[in-house]
Amino acid sequence: GCRMRALAWVGIASLCLGAAWAVPAKEERRKVEKPKLDLAVYENLDLDNYDLTLDSYGDIVDLSNYEELYDYGDLAPQIEVGTLAPRPRDHEALPEVGTTAHTPKLQPPTPSPIRTAPPGPSTAQGLPGCLRCLCISTSVYCDDADLEHIPLLPPDTAYLYARFNRISAIRTSDFTGLKKLKRIDLTSNSISWVDTDAFRLLPSLQELILPENRLTALPKLPRSIIRLDARLNMIPSAGLQPEAFRELKQLQFLHLSNNQLDYIPTPLPESLRSLHLQNNNIQTMHKDTFCDSQDHSHIRRALEDIRLDGNPINLSLFPNAYFCLPRLPMGRFV
């Protein structure tokens, strides 16, 4: 009887010791495994391919299908044709940026004070913009961050993504001193007001992306601009600066579809490769819109992508307007 009781006590003691050793081992495994899970998440975060850039256009983007890469409800039929030309026209007094000829002058929101970023790269992560956004190297990612204005940005910012927010106005002070800024993407905000010089004073700006906003006029642009995308706004022809694009010698992509334009903005720079004006109210054009009617040796080799579909214009009425183009404009020819 004593021997049986002794064996029972030994068995109970061994079970207790086994449980005591098992718990720390389990906790230790958790400590080792958790960093592996976190690393796996960050390894899959591909910020290098966050969006298309000008450098990747040649390899990735077929210019004839550029509009379709971003499905903004373009319901116009797609007819494979080519290019067209605008009709010079006297501008009436241009409204203030942020107004139209058909609506009363908008009152700009109360301007915010000039905001300057503290010097030195070491302070970048402490800026308000980097507390609400994600700052990686020279890129600032602020998509869907419930922003109502442009945040204070690090002084070396080159790429700003602030899509799907509630920004309503752009001030010159928003980008003061950002001499390295190359790309601004403000897709799908509520922007109705832009200070005239908000972008013009940015010496490195190449891409200005503004679709799906409430713009009624375009501000002045820097001569460095290569790509302007202001689709799906409310811009009338009176909302463009007179000869707005003449001096933009590096402009290659001009996309103003789904606005309220009633003629093709001229003159267009020789550098232009892609002109999208579909779904506006363009009804006519001039024979010199694209080509120099006095110089039949003039050839526009770069301008291969012109879209005028979705406008009330019959392109067959202007046969002498396309002789210098490598392709006909896309649109209605009957």
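What follows is a set of questions and answers about a predicted model.

Biologist: How many disulfides does a search of the whole structure find?
Modeller: A disulfide is a covalent bond between the sulfur atoms of two cysteines. Here a pair counts if the sulfur atoms lie within 2.5 Å. Searching the whole structure on that basis gives a total of three.

Biologist: Which cysteine forms a disulfide with C130, and is the link left-handed or right-handed?
Modeller: The partner is C135, with the two sulfur atoms 2.0 Å apart. Both C130 and C135 are buried. The angle about their S-S bond is -95 degrees, and the link is left-handed.

Biologist: What is the hand of the link between C133 and C142?
Modeller: A disulfide joins these two cysteines, at 2.0 Å from S to S. C133 and C142 are both buried. The angle about the S-S bond is 110 degrees, which goes with a link that is right-handed.

Biologist: How many residues apart are C291 and C324?
Modeller: These cysteines are joined by a disulfide, S to S 2.0 Å. With -85 degrees about the S-S bond, the link is left-handed. The pair links distant parts of the chain: C291 sits in the loop between β10 (274-276) and β11 (305-307), and C324 in the segment after β11. Their separation is 33 residues.

Biologist: Are C291 and C324 buried or exposed?
Modeller: Look at relative accessible area. Buried means under 20%. On that cut-off, C291 and C324 are each buried.

Biologist: What is the pairing when the bonded cysteines are numbered in sequence order?
Modeller: One link joins C130 to C135. Another joins C133 to C142. C291 goes with C324. In sequence order, that gives 1-3, 2-4, 5-6.

Biologist: Which are the edge strands of the open sheet of nine strands?
Modeller: The order of the sheet is β1-β2-β3-β5-β7-β8-β9-β10-β11, with mixed pairing. An edge strand here pairs on one side only. That picks out β1 (134-136) and β11.

Biologist: By how many degrees are neighbouring strands of this sheet turned against each other on average?
Modeller: Strands of a sheet pair through backbone hydrogen bonds, either parallel or antiparallel. For this average, direction is ignored. The value is 5 degrees.

Biologist: In β9, what is the bridge partner of L228?
Modeller: Strand β8 covers residues 227-229, and strand β9 covers residues 253-255. The two run parallel, joined by three bridges. In β9, L228 is partnered by L254.

Biologist: The structure holds three aromatic pairs. Why does the pair of F175 and F199 count as tilted?
Modeller: The ring centres are 5.9 Å apart. Planes under 30 degrees apart count as stacked, and over 60 as edge-to-face. The planes of F175 and F199 stand at 35 degrees, so the pair is tilted.

Biologist: How many residues apart in sequence are the parts that F175 and F199 tie together?
Modeller: F175 is buried, at 1% relative accessible area. F199 is buried too, at 0%. F175 lies in the loop between β4 (169-170) and β5 (183-185), and F199 in the loop between β6 (193-194) and β7 (207-209), so the pair ties together parts 24 residues apart.

Biologist: Y322 and F333 form an edge-to-face aromatic pair, 6.5 Å centre to centre with 65 degrees between the planes. Is F333 buried or partly exposed?
Modeller: Y322 counts as buried, at 7% relative accessibility. Buried needs under 20%, and exposed over 50%. At 26%, F333 is partly exposed.

Terms used. Residues numbered from 1 in each chain as written. Predicted model: local features only at pLDDT ≥ 70, side-chain atom pairs only at ≥ 80, totals over all residues. Heavy atoms only, no water. Buried < 20%, exposed > 50% of the residue type's maximum accessible area, 1.4 Å probe, protein only. Helix = DSSP H or I, 4+ residues; strand = E, 2+ residues; numbered from the N terminus. Pairing = 2+ DSSP bridges. Axes fitted to C-alpha atoms, helices over the stretch in contact; angles between N-to-C directions. Phe/Tyr/Trp six-rings, centres within 6.5 Å; stacked < 30°, edge-to-face > 60°.
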